[in-house]
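Hi there,

Here is the structure I promised to pass along. Have a look at it first, and my notes on its charged pairs follow below.

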Amino acid sequence: MSESHSTVPNSHKVQSAALLSLGQATISRRGALGALAVVAGGVMVPWAAAPATADTRTSQSRSQIVTAMPDAHGAEEDRLQISLCNTNLQSTGFYLPAGTALTVTVKAMTAPNAVLVVGAPDADARPEFKKPREYALKKGKNVITDAGGGVIYYKVMGTSGYVNATLDAVAQPMPYFVYGRTSELEFQRQLDERPTPFVELVSSHATVTVERASALRYRSENHSDLMFTFEDLISIEDVTSGYDGSSPLHARQAHPYHLVGYPSAIANVGAYATHGHTSYPPPIQDRLLTVEGLRMRGWGVYHELGHQHQQVTYKPTSLTEVTVNIYSLAVNASFAKKYGQQPRLHVPDGTTGLTPWESAVPMIGSEGVVYGTTFDGMERLVMFEQLRLGFKNFWPTMHKIIREERPPKGDYWDEAYRLRNFVVWASKAAKADLSDFFLKWGFAVDDDARAQIAAAGLVPPSSDPTLIRDEAQLMLAKQIQAQKSLAARSQFDEAGAQ
């Protein structure tokens, strides 16, 4: 089977021999790595990423010029060598009522093709309308009636060209917050005056689509701060991926990330990522729609967006829910400094009292160590941190050389191949033979891996990376905990004085 996430297998059910050699330990203590399934769907908003300072009375126009963009599921996915793509949808800010004839007048079209899309992916509780519906556009008048109704998007793909189109009065303006243009006062007016079932918040690199009820539940938030935080965390994950703009190959994704509010709770699932979007059910939408939730408790959001940064070549199915946290950890580390979010790998386990660093380190290099069974879900991440700390710009370099060298992706089920790739390409990124490092962590390092590393002229590092400790984050974690304890004591004393 070739790599395909449209019908992606459940990686938690893989029973190949290679996986058995890696280990199949379930994620137990500290194992909430964010939500779970990786399974099938935004908007380039060219406005400045700066908060509005006054009531601008922003109102989206019915006439819009939509520039063609490269196919996220084709050209961009291939350029970046990623596993899950961003969206091809470009937001309009309008909603189409069900069963209503909409006239779309295309005044000019120089792009190869253009499509009107109705419905945000996975946003509708009705099963028959979970998937967006597409309607091809031609120059002149296009009359479109959609049985389900939904948020209206354009999808215009190509290397050049544009579409100049106008939606008639049937299209209803939604509450629509544009970061840097819409004031909070104006957005609150829109929430009161525009009764559409969905609301959108957009910035240069994020589109957030949620049900009206969810938007109203958290309407008291500062939405400029919220969208600033999305821009910030996406930028952190992009930097981790080596999207530094040093060449067109390493440019940021052309499309934004589409975060969609799932309409109901999902049994045994907190959230998920797929092609085109990530989804978040109501029980955890406070992490999506509140500033405090996104900045302090947003690991699940960072995790799901991380799935849309993961590269395929060194992502065996057994590590899908592990390597994704390269990006979560990067956001966590940054937000620990900015907002006091607790560094995840320095949080003591409720049962053992040990942090992942404290419990993982003594097992490195121990007899019979196997990465997938010896270490739990959070302990495995310590290995990634040792690589980050031990080798300058390790993760950005890893991503960039994969884009430049384009090693074969291999078969989706070929665990041995992709695990070998992780060892080989990590060594190339570090410019050092990391065979012993991975052996101590319980990876299988076969003759093929050794031969490829030797052929690259790599030699072992001057010091053992398994001896690296995260002293800076440990000190920060202690400071944050001390501040929390002091604040709690202060509140206790105030309560006692009343």
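This is a predicted model: local features need pLDDT of at least 70, side-chain atom pairs count only at pLDDT 80 or more; totals for chains, interfaces and linings use all residues.

**Notes on the salt bridges**

R287 forms a salt bridge with D286, and their closest N and O atoms are 3.1 Å apart. D286, for its part, counts as buried at 14% relative accessibility.

Another pair joins D446 and R420, whose side chains meet in a salt bridge at 2.9 Å, N to O. D446 sits in the loop between α16 (435-440) and α17 (447-455), while R420 belongs to helix α15 (residues 415-430), so this pair ties together parts that are 26 residues apart in sequence. As for accessibility, D446 is partly exposed at 28%, whereas R420 is buried, with a relative accessible area of 16%.

Back to R287 for a moment: salt bridges with shared partners link D286, R287, E292 and R297 into one network.

Then there is D124, which forms a salt bridge with R126, with 2.8 Å between the closest N and O atoms.

How many salt bridges does the structure hold? The count comes to 18, including the pairs described above.

Technical notes. Residues are numbered from 1 along each chain as its sequence is written. Side-chain values use heavy atoms; hydrogens and water are left out. A salt bridge is a side-chain nitrogen of Lys or Arg within 4 Å of a carboxyl oxygen of Asp or Glu. Buried means under 20% relative accessible area, exposed over 50%, partly exposed in between (1.4 Å probe, protein chains only). Helices (H or I, at least four residues) and strands (E, at least two) are DSSP runs, numbered from the N terminus.
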